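Here is a short note for someone opening this structure for the first time. Please read it with the sequence and the model side by side.

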Amino acid sequence: MHRVTALVRPGQSTFELACAAQVFGIQRPELPAAYTFGVCAEHPGPVPTRAGYDMLVTDGLDALTHTDTVIIPGWLPPADPPSPAVTDALRRAHARGARLVSICSGAFALAHAGLLDGRTATTHWGLTAELAARFPHVHVDPDVLYVDHGDLATSAGAGAGIDLCIHLVRRDQGARHAAHIARAMVMPPHREGGQLQYTAPPRPAQIDGTLAPPLLDWATARLAEPLTVETMAARAGQSARTLTRRFIDQLGISPGQWLLAQRIAAAQDLLETSDLPLDAVARRSGLSSATNLRRRFHTALGTTPGAYRRAFRGRTAKGPAPAEEPAP
């Protein structure tokens, strides 16, 4: 079981905390249990929130000595440095190999602790200039949704924090596990970290009936077929132009981008759960050929299908994977 602990402080943002709790803190009976989730504070007891109520936190900083992932769900006001005790706890957790993750303004806590020096990081677009000014040794990227270095990860605003958490689940447990959580949360498709944070529309509470579940489910079940925007529009009884507008309004991406993301996710699932050769993976996921699969995979994920398969098998101990294919 992977242990996840959120470090909270007085004036805690409840939404940023809920983003992490919703992804890591709910045991879904249809999925194997993969995470335990807890909350700690420097001073256990009632912790005031920005929502007007106190929450009772029973664990102190000792909880960070035996957790696998530490999440800092916001840090307000950002100019306030963590206490020496908190700074020491964060540094010790990182030094022993824990993954440290910030949501929104939580990047300031990591930066105050010196953990982001020499690293690329992001935060909410309204705070990126302040982060860069206060911490000149941090390479602040104001555009992206999140940055993941493996041992350290930072996200933009709270919505991007959900994207980052689901991305981490996908890294830990695979594409199928992460996709199930996203569907259970009625979330639009996963957004890659390099997507612009302030040009993307906010996530809707849910996708309306013009897109899902009928159309998206129908298309997802037919990824191996030669789907086009026109095919999907005809299925929805709309013009291609109208369908494209609805996709961009509700999902922040075009139908073509959505289809490609689903096909890459399907390829990830096949690489994780089967020993199919790459040509078969490509055909079943709708990417047509091993060459196209390699190219699309490398562009989207920065790795090759064979390297991804080996890395996933190494994490889950499912056994040997086929030999590496040529690099793109």
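1. Overall make-up. The model is a predicted one. Its protein chain holds 13 helices and ten strands. Of the 328 residues in the chain, 48% are buried. Among contacts with a separation of 6 or more, 63% are between residues 24 or more positions apart.

2. The six-stranded sheet. An open sheet is built from six strands in the order β2-β1-β5-β6-β10-β9, and their pairing is mixed. The edge positions are taken by β2 (35-41) and β9 (146-148); each has a single partner strand, so one side of each has no neighbour in the sheet. On average, with direction ignored, neighbouring strands of this sheet are turned by 15° against each other.

3. Strand β1. Six of the seven residues of β1 are buried, so the rest of the structure largely encloses this strand. β1 and β2 run parallel and are joined by seven bridges. β1 also runs parallel to β5, here with three bridges.

4. From β5 to β6. The parallel pairing continues between β5 (residues 69-73) and β6 (residues 99-103), which share five bridges.

5. Helix α1 and the crossover. The chain passes from β1 through α1 to β2, and this β-α-β crossover is right-handed. Helix α1 lies across β1 (2-8), β2, β5 and β6, and it runs at about 155° to β2.

6. The buried side of α1. Which residues of helix α1 (residues 14-24) are buried? They are Glu16, Leu17, Cys19, Ala20, Val23 and Phe24. Viewed down the axis of α1, these buried residues fall within an arc of 150°, so they line one face of the helix. Glu16 deserves a look when checking this list, as it is one of the buried residues.

7. The β3-β4 hairpin. Strand β3 (residues 45-48) is joined to strand β4 (residues 54-57) by four bridges, and the two run antiparallel. In this pairing, Gly45 stands opposite Val57 in β4. The two strands form a hairpin with five residues between them, and Gly52 in the turn has a positive phi of about 95°.

8. Trp258. The C-alpha atom of Trp258 is separated by 9.5 Å from that of Leu216, although the two residues are 42 residues apart along the chain.

9. Thr304. This residue is found in the loop between α12 (290-301) and α13 (305-316). Its relative accessible area is 8%, so Thr304 is buried even though it is in a loop. A polar atom of the Thr304 side chain lies 3.1 Å from the backbone nitrogen of Ala307.

How values were computed:
Residues numbered from 1 in each chain as written. Predicted model: local features only at pLDDT ≥ 70, side-chain atom pairs only at ≥ 80, totals over all residues. Heavy atoms only, no water. Buried < 20%, exposed > 50% of the residue type's maximum accessible area, 1.4 Å probe, protein only. Arc of directions from axis to C-beta. Polar contact = N/O pair within 3.5 Å; in protein donor to acceptor, adjacent residues only side chain to side chain. Pairing = 2+ DSSP bridges. Axes fitted to C-alpha atoms, helices over the stretch in contact; angles between N-to-C directions. Contact = heavy atoms within 4.5 Å. Right-handed = clockwise from strand over helix to strand, strands pointing away.
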